[in-house]
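Q: I've got the model open and I'd like to learn how to read it. Can you walk me through a few features?

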Amino acid sequence: MGAKKNVLGLIFASMHDSDVIDLTKKRTMGSIPFGGRYRLIDFPLSNMVNSGIKEVGVITKSNYGSLLDHLGSGREWDLSRKNGGLHLLPPFSHVDSGMYRGRLEALNGVWDFVEHSNAEYVVMSDCDVVTTIDYKAAVAFHEESEADITVIYGKYPYDSGSEQTATVLGINEEGRINDVMIDPQIAGECNVCLNMFILSKEVLKNIVINSASRSEYSFNKDVLQAKKNEYKMMAYEHKGYFSKIDSVKAYYDANMALLDTENRDGLFIKSAPIYTKIRDNGPVKFGLESEIKNSLIADGCVVEGKVENCVLCRGVKIGKDSVVRDCVIMQDTVIGNKCSINSVITDKNVEIGDEKIMTGSASYPLYIGKNAVI
Amino acid sequence: MYIKKECVAMLLAGGQGSRLYALTQDMAKPAVPYGGKYRIIDFPLSNCTNSGIDTVGVLTQYQPLVLNDYIGNGQPWDLDRLHGGVHVLPPYQTSFGASWYEGTANAIYQNMSFIERYDPEYVVVLGGDHIYKMDYSKMLDFHKKNDADLTIAVQQVSLEEATRLGIMTCDEQMRVVRFTEKPKQPESTLASMGIYIFTWQKLKKYLIENENANTGSKDFGKDIIPAMLQNNERLFAYTFDGYWKDVGTLDSLWEANMDLLSPSVPLDLYDNDWKIYTRNSNMPPQYIGSNAEVENSMIAEGSTINGKVDFSIIFAGAKIEEGATVNYSIVMPGTVIKSGAVVEYAIVGEDCVVHENARIGVSPETVENRDEWGIAVVGHNVDISEGAEVLPKDIISKNI
């Protein structure tokens, strides 16, 4: 079983930043607030911890202040350890090279860290997929199938006409990957790569060294696609609940999906809690005339008005006689009295005065940037 | 090696809290849940940390498992320190034998060696049965300014309450002239809050004398304070006018929770400058369903509300099913209230299941004789079966 072998976790906090450019202006993909009390990185990080992975490296790129602040020593994920634990890996580049361009260059930059780990396997994950997954089972699959690379995928309705981006896999009867398409012009249910990979350290090392010498930087293009005959690449289906965030709209939808009890039960499993930074807020307080329907509300919120189909992050205040519908409201946003706010995403710390009316649409939610005062 | 500390806090957490009956059968009073996501002990511990006191001894004795587990290494209160931090101090055996903590003063006496390691100037003695936010450093400044030997925090109470508390008579400089425990005819309404700051060398002297005198009570209120007064030591009263509420009885625990819903009560749990810290349960945010009706309530993380909740405190991980009603009640962590059940004017303990159409408590308006009315209480881990009824004033600790 994989559990006996040492496994190193690597999380890429900044991959896909450009998919959700509004949300990543001042932060990494990994530190985007999500689901009321979480940041996106909480999901891969908690999954690794709950799968018995005791050493995790977090690879960052730029704008990583909020990420460092969120992760701290890693204690909240039980990763403040003498052996292993959490390692923050800010970008490392040589004097003559610039910022890394892709996953392979990023790995090359932090290779010393990987090399020094006594892990036999490496589990890599990005922060664009919200899910609860047991990597222990995936590593066991990787061993049993004697794969060089295991790609974790999910079946997912993909449509090239929308803003979606994805790597789609063709899989033969034995579960071996025989086709890799990047952002293909198709629509329908596809085997979508969830940007989670399992490799032995040795295979990964070869890949990183070889690609560096050829200035290759895209793992999906230069390895998965180009070398599918050279390496034994197996596909491992993740059957549990997941949502993939590849656009602002997808981010909005993924939040809204949590209002469905079935989805919540799929994501929040008692034996595999999702850990996050603690804020020490009071419980949610509902006022005398509050009216709340179908909403997810995190600690520290004070709701005096009407809230319907919303996700409210920690410390949000909603004033009297205000109606907030179909919104994702990030932490510490204050909405005044007598407002009407519909289909809006507010970033952190937004201040909306009294009697304001703002309306987006479910297919194109209105986004209000961090610290905006309206 | 120990680094000298100016001030060490000793938190008396060993009391059984027998007046909380079913709620303290298997946990000490300071571990009793309060305010949606807290336990009572979060308040003195957070006050210590917010007041800059980083060395706290917690004296435990009665049912310590939940409490010990909860305090752990003190990290949630920022009390996991290189020097100092929080220490759980249970009674122990010595070469002369073993003895339980016999009284409040004896409990501190038995832990003098813990205090001495930090060689403090002052010792703060706290209880674990009140809800309040207080800056002990201001009280310490007052203590130093008066060159006091003992400073007692006091609060103005009603004449009726005064007969149940330790009452202080002071001169104009707030120097304590007289101290009476539970006076029948109170001559003042300045009540001791059970929060003391001692100059350590003085306290040490009186603890040893008290131990040698062997009075039997070995209590601060009964022995130490009267002895210090008699010897004309400098005792001062420090007036605290913030929110301070005893939660030592079922009624007062219920009231103190309901206070959180009253706009006129000055206990702010949302003040970022004086946070109340608590051990986190790592649960998803609270979900309020499409058919839920929630008004004037406080609801903690991990709970799911699909029923009707009004004037209530719902703790972490509780579930209120569709068709259930909860009014003027406290529902503690992990408890499930099933469809059709009605919970009114009640306290329901941790991890209970209230089955379909059960009824717990009634509103006072429906009772003809007000003397027959009171809060209904269900202890921890209790199943209330379908259609069962818990009457006002009932205290249930076994499945019915």
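This is a predicted model: local features need pLDDT of at least 70, side-chain atom pairs count only at pLDDT 80 or more; totals for chains, interfaces and linings use all residues.

Q: Which parts of the chain does the salt bridge of Asp347(A) and Arg27(A) link?

A: The side chains of Asp347(A) and Arg27(A) meet at 2.7 Å, N to O. Asp347(A) is in the loop between S25 and strand S26 (351-352) of chain A, while Arg27(A) is in the loop between strand S1 (7-12) and S2, 320 residues apart. Helices (H or I, at least four residues) and strands (E, at least two) are DSSP runs, numbered from the N terminus.

Q: Are Asp347(A) and Arg27(A) buried or exposed?

A: Buried means under 20% relative accessible area, exposed over 50%, and partly exposed in between (1.4 Å probe, protein chains only). Both Asp347(A) and Arg27(A) are buried.

Q: What about Glu116(B), which residue does it form a salt bridge with?

A: Its partner is Lys204(B), with the closest N and O atoms 2.8 Å apart. Glu116(B) sits in helix H4 (residues 112-116) of chain B and Lys204(B) in helix H7 (residues 200-213) of chain B, so the pair ties together parts 88 residues apart in sequence. Glu116(B) is partly exposed at 31% relative accessibility, and Lys204(B) is partly exposed too, at 22%.

Q: How do I read burial for a whole helix, say helix H8 of chain A?

A: Count its buried residues: in helix H8 (residues 248-257) of chain A, 8 of the 10 are buried, so the helix is largely enclosed by the rest of the structure. Among them are Tyr251(A), Tyr252(A) and Met256(A). The cover includes strand S2 (33-34), strand S13 (242-244) and helix H9 (261-267) of chain A.

Q: Where does Ser145(A) lie, and what does it touch?

A: Ser145(A) is in the loop between helix H5 (135-144) and strand S8 (149-159) of chain A. Contact means heavy atoms within 4.5 Å, and Ser145(A) touches Lys232(A) and Met234(A), not counting residues up to four places away in sequence. Ser145(A) is buried, with a relative accessible area of 13%.

Terms used
Residues are numbered from 1 along each chain as its sequence is written. Chains are lettered from A and ligands numbered from 1 in the order in which they are written. Side-chain values use heavy atoms; hydrogens and water are left out. A salt bridge is a side-chain nitrogen of Lys or Arg within 4 Å of a carboxyl oxygen of Asp or Glu.
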